[in-house]
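Please open the model in your viewer and keep a selection panel at hand. The stops below say what to select next and what is to be found there.

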Amino acid sequence: MARSARRAAAPTAKADPFNQLSAIASNLWWSWSADARELFERAGARQFAASNNNPIVVLRKLSAARKRMLLTDDQFVRDAGRVYAELQRYTRERTWFGQKYGKRKFGNTVYFCMEYAVHESLPLYAGGLGVLAGDHLKSASDLGLPFIAIGIFWKKGYTRQRIDRAGRQVDRFPALQLADTPLAEVATPAGRPLRLRLRMDGETVVARALKMTVGRIPLYLLDTDIPNNSAKNRRLTHVLYSGDRDTRIRQEILLGIGGWRLLEALKIPVAACHLNEGHAAFLNLERIAKRMKSHRVGYDEAARYVTDTSIFTTHTPVPAGNEEFDPELVDRYLKPYLRLLKLSHDEFQQLGRTRVGEDSHSFGMTPLALRTSRYANGVAELHGRIARSMWQPLYKTKQVAKVPIGHVTNGIHIRTWLHPRMAELFEEYLGPDWPDRQDRSALWSRCDRVPDKRLWELHCDLKRELIAFCRERLGAQLRRSPVPGLKQSDVKDILNEGALTIGFARRFAPYKRATLVFSDPGRFAKLLNNRDMPVQIIFAGKAHPADVGGKAIIRQLIAFSRMPQFRRRVVFIEDYDMDVARHMVAGVDIWLNNPERPREASGTSGMKPAVHGGLNVSILDGWWPEGYNRRNGWAIGTGKDHDGTRAADSRDARELYRVLERDVVPLYFNRAAKDRPT
């Protein structure tokens, strides 16, 4: 296997705390270790906050005087040694996989995804797909799975959102500096930088590979922004989810075909490939072609092997959300595969068509992935049913129930999202080894041992922390973009620690209906401003830069937040990321989710408040039909699908108001003789 051209500083025999800190910073394990994060914040609180909580930047920017001071702090030195020892134990100790399978040798499962949300200091993600992928890597690391991940290094990432004076989303794309990341360029065994070459429309595109370690899991990211390439091809890996179809298909060729060639170059043994969404589906064309050549077999035999060793997870419950390309664009870039696969033009195009024999005007990445993967799954039980119905035309069976698409309901990596103080409570009542037993239902029954008073007091502290965070962010927003009639001194009066606090944070796509709760502004204002039972709501989220409808919703929401009747009760936190999300899920009382059913594939954001004692108020969509048991939150409506009409929106709005007015708000303020909800 190749080694890194730039190595992380290795700890020396002498216990130098800065060598130890450098080693910790080079492994993303620190991102789910509260003790590690606290170390870097103690080392340089100002640098940590200014760098979006980036330990590598902290270490680089510490002054010589500060370093000398830390070296004389015996407690800090001991803590650095302790956390470093924890990392060493984590990477070397026997894992669940090792205990179950011993020394048996397995090939790797290789996970392909367009985006990865591992930490906010690495903005290589847009939303839920990336968050799931990041959590997936961390869980695979905890279990000790033979697992490798492949993606793309997005130099300018996804949009960094600013809200201007008019309430409009302004998209920014600052470049991520490689020196600010734990990524190291991959080299050949001879020590030369590894280079991959792909032919795209008659031009050679050269890619390098960058590597970082997520616990025990290597994550390789492909990058074309190198001097070998033309300006056009250097821009190929700049922006995630570019709206340009030509750029998008080349990005997906890089991910799938380039990703497989990277595995070959590194001589990594592969047992199976997992395609997380259809973006990497060209991978299987490359795999079939290589199998035909290396084993001197025909297409059918090679395709069977590739199919038997491929897994596909679909995340999109509506046809329009699945990636498609114009057949002529596919011909332009993939024509060499007709010869390599020994297929006719029509046979090749059929791989991307929903119905066999149809003369389609699109080549679908989901049909390609489904046709070349033995196992396919949706991301919730309801989504699995929807996926079977959507893609039934691909299969010979006329019975939707027999379509071979199952479901694996998404989950979360708890230690990534759990507030450190809640983790301390877990350790006290569930035991210090609770993370190793989190799959056992008996463990969670022990939550009943937590005194109500302790849980409530902690929840109130986390809410105060959230409100302080929001005020700080709102103050910064106001300094950048002054709002008429709102002064800096007013920020301290925004939000109320005693109010029922609702959170709504997600991608601002129209179907997620962020403004549904404003369907009757007067009714909602009355609910918020009840002197005896005050309510407030915190919004956060981005619209895709090309999503005019999503941006219009944000502007409408900002307009509501600036109205006198909503000004102190409705806030929008700009530039939603993992840091904002962690504060919100820890501090809100209620997590609101009201998409057009059944368009929410899973929606795992609602699982994160639950581990902090927060409750969900949600349409019965995504994971909520499985999670809801009538005692752990509320359902909006009875599970009727949205038919695309205004009448359906009105129905859901009425149900939302009914749940809030009759159930949620009165129950929250029904304190009886106690100082907490009954």
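Begin with Pro598, which sits in the loop between strand S19 (590–593) and helix H25 (607–610); helices (H or I, at least four residues) and strands (E, at least two) are DSSP runs, numbered from the N terminus. Select Arg597 together with Pro598, and the peptide bond from Arg597 to Pro598 will be seen to be cis, with omega near 5°.

Before moving on, note that this is a predicted model, in which local features need pLDDT of at least 70 and side-chain atom pairs count only at pLDDT 80 or more, while totals for chains, interfaces and linings use all residues. Residues are numbered from 1 along each chain as its sequence is written, and side-chain values use heavy atoms, with hydrogens and water left out.

**The whole protein**

Along its principal axes, the C-alpha trace spans about 80 × 70 × 50 Å. If you colour by accessibility, buried residues make up 56% of the 678 residues, where buried means under 20% relative accessible area, exposed over 50%, and partly exposed in between (1.4 Å probe, protein chains only). Of the contacts in the protein with a separation of 6 or more, 71% come from residues 24 or more positions apart, a contact meaning heavy atoms within 4.5 Å.

**Two positive phi values**

Select Lys267 next, in the loop between helix H10 (245–266) and strand S10 (270–276). Phi of Lys267 is near 55°, a positive value in a residue other than glycine, and Lys267 is exposed, with a relative accessible area of 71%. Then follow the chain to Glu277, in the loop between S10 and helix H11 (282–295). Glu277 likewise has a positive phi, of about 80°, although it is not a glycine, but Glu277 is buried, at 8% relative accessible area.

**Gln169 and its surroundings**

Now select Gln169, which is in strand S5 (residues 169–172) and is buried, with a relative accessible area of 8%. What do its polar atoms meet? The side chains of Gln169 and Asp171 are joined by a polar contact of 2.7 Å, and the backbone oxygen of Ala543 lies 2.9 Å from a polar atom of the side chain of Gln169. A polar contact is a pair of N or O atoms within 3.5 Å; within protein, one must be able to donate a hydrogen and the other to accept it, and residues adjacent in sequence count only if both atoms are side-chain atoms. Leaving aside neighbours within four places in sequence, the residues in contact with Gln169 include Arg162, Ala543, Lys551 and Ile554.

From Ala543, go to Gly550, which touches Ala543 as well as Phe508 and Pro510, not counting residues up to four places away in sequence. Gly550 lies in helix H23 and is buried, with a relative accessible area of 0%. The C-alpha atoms of Gly550 and Lys512, 38 residues apart along the chain, are separated by 9.5 Å.

**The cavities**

On a 1 Å grid over the protein atoms alone, a cavity is a set of points where a 1.4 Å probe fits but cannot get out, and lining residues have an atom within 4 Å of a point; points are joined across faces, edges and corners, and a volume is the space filled by probe spheres set on the points.

About 290 Å³ of space lies in the largest cavity. Of the 17 residues that line the largest cavity, select the closest to its centre: Leu474, Gln477, Val483, Leu486 and Arg562. Helix H21 (452–480), helix H23 (548–561) and strand S18 (570–573) each supply at least two residues of this lining.

The second largest cavity has a volume of about 50 Å³, and among the residues lining it are Trp30, Asn54, Ser121 and Asp180.

Methods:
1 Å grid on protein atoms, 1.4 Å probe; cavity = no way out; pocket = protein on both sides within 12 Å on 5 of 7 lines; lining within 4 Å.
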